[in-house]
Amino acid sequence: MALISDLVAAIAEVEGLPEATVALAARYAREAGFLSQGARGRNAPRATVTDCANLLIAANASGCVVKDAAKAIEIYRGLELVSAHGGKVERRHSVEMRPIEHDKLRFLDRRGASFGEMLEAVIERFIGSELENFMLEEAVKYV
């Protein structure tokens with residue numbers, strides 16, 4: 001995987017955030033122990049899937065107050081999935097939840113898992129292109 005500085009740059013670019021803001025959120029997260037630490041430069045540790053999930057949470061859940069990045073990670077990582085479902089079917093006056101039908105998405109059907117664990121599972125599947133390929137296959141059906 002990439003370095004944390006690479007993740008900072010990628011998140012800033014994709015989300016249209018100032019890179020300095022994401023870097024500052026990363027700094028606060030690192031100081032609180034939520035991101036990998038180690039040497040600098042060539043010997044810097046590679047970012048883990050957990051680092052990626054934590055940085056995404058820090059950049060998105062702390063809002064404009066980047067000094068609260070660590071608190072946001074702590075809160076959001078621990079949110080628990082209470083009702084696993086595959087989607088909703090909207091009826092005229094109600095919403096019905098239905099189970100996940102695609103085998104490739106069953107990893108999302110984990111009642112009791114935390115938001116952090118679920119986000120890591122999604123990231124892992126994107127790293128291996130498994131989820132990306134599935135989504136592209138599904139998107140073609142609607143073109």
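The largest pocket of this predicted model holds about 400 Å³ of space. Its lining is made up of 16 residues. Those nearest the centre of the pocket are Ile4, Arg30, Ala39, Arg40 and Ala44. Two elements, helix H1 (4–15) and helix H2 (19–31), each give two or more residues to this lining. H2 provides the largest share, with 4 residues. By class, the lining has 8 nonpolar residues, 5 polar residues and 3 charged residues.

Attention then turned to Asn54. This residue lies in helix H3, which covers residues 49–61. Asn54 has a relative accessibility of 3%, so Asn54 counts as buried; the cut-off for buried is under 20%. The side chain of Asn54 forms a polar contact of 3.0 Å with the side chain of Arg77. When residues up to four places away in sequence are left out, Asn54 touches Phe34, Leu35, Ile73 and Arg77.

Helix H5 was examined next. H5 runs over residues 115–127 and has 13 residues. From its first C-alpha to its last, H5 reaches 18 Å. This is close to the 18 Å expected at 1.5 Å a residue. Buried positions in H5 are Gly116, Met118, Leu119, Glu120, Ala121 and Ile123. After H5 comes Ser129, which has a positive phi, near 65°.

Technical notes
Residues are numbered from 1 along each chain as its sequence is written. This is a predicted model: local features need pLDDT of at least 70, side-chain atom pairs count only at pLDDT 80 or more; totals for chains, interfaces and linings use all residues. Side-chain values use heavy atoms; hydrogens and water are left out. Buried means under 20% relative accessible area, exposed over 50%, partly exposed in between (1.4 Å probe, protein chains only). A polar contact is a pair of N or O atoms within 3.5 Å; within protein, one must be able to donate a hydrogen and the other to accept it, and residues adjacent in sequence count only if both atoms are side-chain atoms. Contact means heavy atoms within 4.5 Å. The expected span of a helix is 1.5 Å times one less than its number of residues. On a 1 Å grid over the protein atoms alone, a cavity is a set of points where a 1.4 Å probe fits but cannot get out, and a pocket is an open set with protein on both sides within 12 Å along at least five of seven lines; lining residues have an atom within 4 Å of a point. Grid points are joined across faces, edges and corners, and a volume is the space filled by probe spheres set on the points. Ala, Val, Leu, Ile, Met, Phe, Trp, Tyr, Cys and Pro count as nonpolar, Asp, Glu, Lys and Arg as charged, and the others, Gly among them, as polar.
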